[in-house]
Amino acid sequence: KGDDPGAASQRDWNSLFIRTDTAVEAAADKLGVRKGDILDKEEGNMAVRTALAETQVIGETKRYLAQNGVNLAAFEGIRSNAKRSKTVILVKNLPFSC
């Protein structure tokens with residue numbers, strides 16, 4: 001769609017990015033509460049609660065990948081120097097309920 005090729009590399013720099021709604025839904029499920037309980041603006045610090053949920057899910061994702069033989073260093077630094085796999089596809093940004 002006429003996107004700047006340099007813009008794409010800046011948009012997808014974080015392969016371990018987790019959507020906020022996915023992180024909050026996962027945290028709510030784990031805690032046995034409703035998603036709305038975490039997002040309740042009347043309770044204050046909603047941004048902190050969502051950031052903590054994202055951090056938790058990213059940490060769990062990293063542990064899972066490491067336990068299953070994924071080299072996490074491949075997700076860091078300048079990836080233009082990394083050899084691209086012809087057999088692996090990273091599927092991400094799925095909702096929690098998938």
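Glu60 and Lys30 form a salt bridge, with their closest N and O atoms 2.5 Å apart. Glu60 lies in helix H4 and Lys30 lies in helix H2, so the pair ties together parts that are 30 residues apart in sequence. Glu60 is partly exposed, at 27% relative accessibility. Lys30 is exposed, at 59%. Keep in mind that this is a predicted model.

Now step back to the whole chain. It has four helices and zero strands. Read along the sequence, the pattern is α-α-α-α. The chain holds 98 residues, and 16% of them count as buried. Consider next the contacts between residues at least 6 apart in sequence. Of these, 60% join residues at least 24 apart.

Helix H2 covers residues 20–31, and helix H4 covers residues 46–67. Two packed helices are described by the angle between their axes and the distance between the axes. How do the axes of H2 and H4 cross? They come within 8 Å and cross at roughly 85°. An angle of 65 to 115 degrees counts as roughly perpendicular. That makes H2 roughly perpendicular to H4.

Which residues meet where H2 and H4 touch? From H2 come Thr20, Ala23, Val24, Ala26, Ala27 and Lys30. From H4 come Thr50, Ala53, Glu54, Gln56, Val57 and Glu60. The residues of this contact divide into six nonpolar, three polar and three charged.

Is Thr50 buried or exposed? Its relative accessible area is 13%, and buried means under 20%. Therefore Thr50 is buried. Leaving aside neighbours within four places in sequence, Thr50 is in contact with Thr20, Val24 and Leu39.

Next comes the largest nonpolar core. It has nine residues in all. They are Ile18, Ala23, Val24, Ala26, Ala27, Ala28, Ile38, Ala53 and Val57. H2 and H4 each supply at least two residues of this core. Which helix gives the most? H2 does, with five residues. Ala26 touches Val57 and Phe96, not counting residues up to four places away in sequence.

Where is it placed? Ile18 is in the loop between helix H1 (5–11) and H2. At 15% relative accessibility, Ile18 counts as buried. Setting aside residues up to four places away in sequence, Ile18 touches Ala23, Val57, Ile58 and Thr61. Look at Ile58 in particular. Ile18 and Ile58 are 40 residues apart in sequence. In space, they are 6.8 Å apart, C-alpha to C-alpha.

Back to the charged side chains. How many salt bridges does the count give? The count comes to three. Another joins Asp21 and Arg19, with the closest N and O atoms 2.7 Å apart. Asp21 is partly exposed, with a relative accessible area of 30%. Arg19 is partly exposed as well, at 27%. Arg34 and Asp37 also meet in a salt bridge, at 3.0 Å from N to O. Arg34 is exposed, with 58% relative accessibility. Asp37 is partly exposed, at 35%.

The last stop is a point of backbone geometry. Most residues other than glycine have a negative phi. What is the phi of Asn45? It is near 55°, a positive value in a residue other than glycine. Asn45 lies in the loop between helix H3 (35–38) and H4. Asn45 is exposed, with a relative accessible area of 59%.

Terms used. Residues numbered from 1 in each chain as written. Predicted model: local features only at pLDDT ≥ 70, side-chain atom pairs only at ≥ 80, totals over all residues. Heavy atoms only, no water. Axes fitted to C-alpha atoms, helices over the stretch in contact; angles between N-to-C directions. Parallel < 35°, antiparallel > 145°, perpendicular 65-115°, else oblique. Contact = heavy atoms within 4.5 Å. Nonpolar A, V, L, I, M, F, W, Y, C, P; charged D, E, K, R; others polar. Core = buried A, V, L, I, M, F, W, Y, C linked by side-chain atoms within 4.5 Å. Buried < 20%, exposed > 50% of the residue type's maximum accessible area, 1.4 Å probe, protein only. Salt bridge = Lys/Arg side-chain N within 4 Å of Asp/Glu carboxyl O.
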